[in-house]
Amino acid sequence: GPTASAAGMATIDDVTVTVTPPPYLGQRPRTLRNPTRVEAMSGSRVDLSVRSSAATIALETLADTTGLERRGAAFTATLSATADGFLGLVPTGGDGNAGDRRVIGLTVVEDRPPTVVIKTPGRDLHFPDGARTITVTIESTDDAALASLTLRATTVSGSGERFSFAERNIPITIVRQDANHWSATVAWRLTTLGLEPGDMVVYRAVAADHRPGKAPVESDAWIVEITAPGSVAAGGFAIDPEQNRYALSQQMVILKTERLLAGKSRLSAESFADSAAQIGVEQRRVRAEFVFMMGGEVDDGQGEEISQTDLNEVKEAEGEDELSAGRLMNAGRLALVRGIRNMSRAATLLGTDDAPGALLEERKALAEIEKAFSHSRIILRALTQRESLDPKRRLTGALDEVVNAVEVVTARPTDAKLVAMRRLLGTLTTLPAAPSRSAVSSLAESALRIDAADPGLQAIAAGLSKAAESLGRGQTAEASHELDQMAVALSSRLGAASLRALGAPAGAELRRLRGRLAEPMPTRRSP
């Protein structure tokens, strides 16, 4: 059977670690000898082979402790790399005494999904007809290897509530710089899609790697729209806003009016009037949304469909009369009503081709809306009756009757990681001048037990393992230097964590002190 060392202590002579990546990556195994840290792709197989004079060797991980199996002259074990941690090897001699332990850090790297970007055109396009050709270029990368790259398009046709969708793959030419970097390009002829005015195409690039069971990754989606006469393009999958009842922002109405005025010289009088009238419709739509928010009512009408812009003006006027009479006092509501009136004037002026005057009213409406939505205003419906206040009770009372409130502060939860790091630093700084290799290896394991995924603690654990190796070779001076460096690194991390803790809210005593300082000094009364 195995024998102990000359000193009677079981030792670990050599450790060989073989990392076999997942089969889908197609990578060769890597073999490391006596490493202090092992990096493996998630799902890799890790094989350990340990040569030792011990009778048994225990393998400690964050999850459990198991024994290594003896095969010939070596102890072996196989495990799967699933999460950051460590491999602690604890030899035990035939007399039952444990020898110097060996700690190997384990870093597990996740196989990240690929990235895919449509570089050109890289924006939405709007054409008056489908007789166009656009050049689409795509770039995709992956940390391991790409498996596929495609360009998918969805054609949307129809109007109202009747739309048809057609999915298709667009042929592309792929250029593979290497397994990790692909690019593609295509001169896409839209005539092959048979697009008509009002139709659109939503396209995106799709890339996949070799990860089993993982969904492909899609790029941002862009659209190509064949604009219908008088239509306004909407973002994403939305069709003309005339088909969707949602309010355009007041700022957008202003922007459209400014653009109309800027291009007036290029438009005929009829086209300018039609465009101004269209903006007027949008202005009334925005106005309607704000009226509805304030409790306005829709005119019932007699048709099958109620228009969003047909408001019950009598009901609205009655509400404004209540406000002007002082029975609905609310600064936010008052500002909002003023903004609605400005919108009404702007819509009227747009209908009479007075775009400059309409722009002025639109900007006034925006200012009133911003005032209504400021932090000091209340948008909710006010009380129907004014609250009664007793003027006799205002600014009265003696300061000596004021009693400070007793604040009950719950204890903040203790940062377990910070406490553990302080404990580790305390143990590290109290080590004897010539510590044992086993004691330093235990500290490396303790560092990884605090947070095995923390890069800073991983580096500290690696430095402590290196110091343990130096002690095993009898290099006490080098080990001492390495221990000092790790103590400095750990104290720096603790200092940074303490500064972050100081940024937390002040304690109850400090808040009470600040309150006392803010209180006015009592005025002495003359006898």
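Is Lys364 buried, partly exposed or exposed? Lys364 is partly exposed, with a relative accessible area of 38%. The description below concerns a predicted model.

Lys364 is paired with Glu361 in a salt bridge whose closest N and O atoms lie 4.0 Å apart. The two residues are three positions apart in helix H5 (residues 355-372), so about one helical turn separates Glu361 from Lys364.

## Packing of helices H7 and H8

Helix H7 (residues 437-450) packs against helix H8 (residues 455-472) at an angle of about 170°, and their axes are 8 Å apart. Because angles over 145 degrees count as roughly antiparallel, H7 and H8 are classed as roughly antiparallel to each other. On the H7 side, the residues in contact include Arg437, Val440, Leu443, Ala444 and Leu448; on the H8 side, Leu457, Ala461, Leu464, Ala468 and Glu469 are among them. By class, twelve nonpolar, four polar and two charged residues make up the contact of H7 with H8.

A salt bridge also joins the side chains of Arg437 and Glu469, at 3.0 Å from N to O. This pair links distant parts of the chain, with Arg437 in helix H7 and Glu469 in helix H8, 32 residues apart. Arg437 counts as buried, at 15% relative accessibility.

## The five-stranded sheet

Five strands form an open sheet in the order S3-S10-S9-S5-S6, with mixed pairing. Strands S3 (37-41) and S6 (65-67) stand at the edges; each has a single partner strand, so one side of each is left without a neighbour in the sheet. From one strand to the next, the twist averages 25°.

Strand S5 (residues 56-60) and S6 run antiparallel and are joined by three bridges. Thr65 in S6 is the bridge partner of Glu60. Helix H7 lies across S3, S5, strand S9 (85-92) and strand S10 (102-109), and runs at about 25° to S10.

## The salt-bridge network

The model has a count of 20 salt bridges. Glu60, Arg101, Glu445 and Arg449 are linked in a network of such bridges.

Glu445 is buried, with a relative accessible area of 6%, whereas Arg449 counts as partly exposed at 41% relative accessibility.

Note on methods
Residues numbered from 1 in each chain as written. Predicted model: local features only at pLDDT ≥ 70, side-chain atom pairs only at ≥ 80, totals over all residues. Heavy atoms only, no water. Axes fitted to C-alpha atoms, helices over the stretch in contact; angles between N-to-C directions. Helix = DSSP H or I, 4+ residues; strand = E, 2+ residues; numbered from the N terminus. Parallel < 35°, antiparallel > 145°, perpendicular 65-115°, else oblique. Contact = heavy atoms within 4.5 Å. Nonpolar A, V, L, I, M, F, W, Y, C, P; charged D, E, K, R; others polar. Pairing = 2+ DSSP bridges. Buried < 20%, exposed > 50% of the residue type's maximum accessible area, 1.4 Å probe, protein only.
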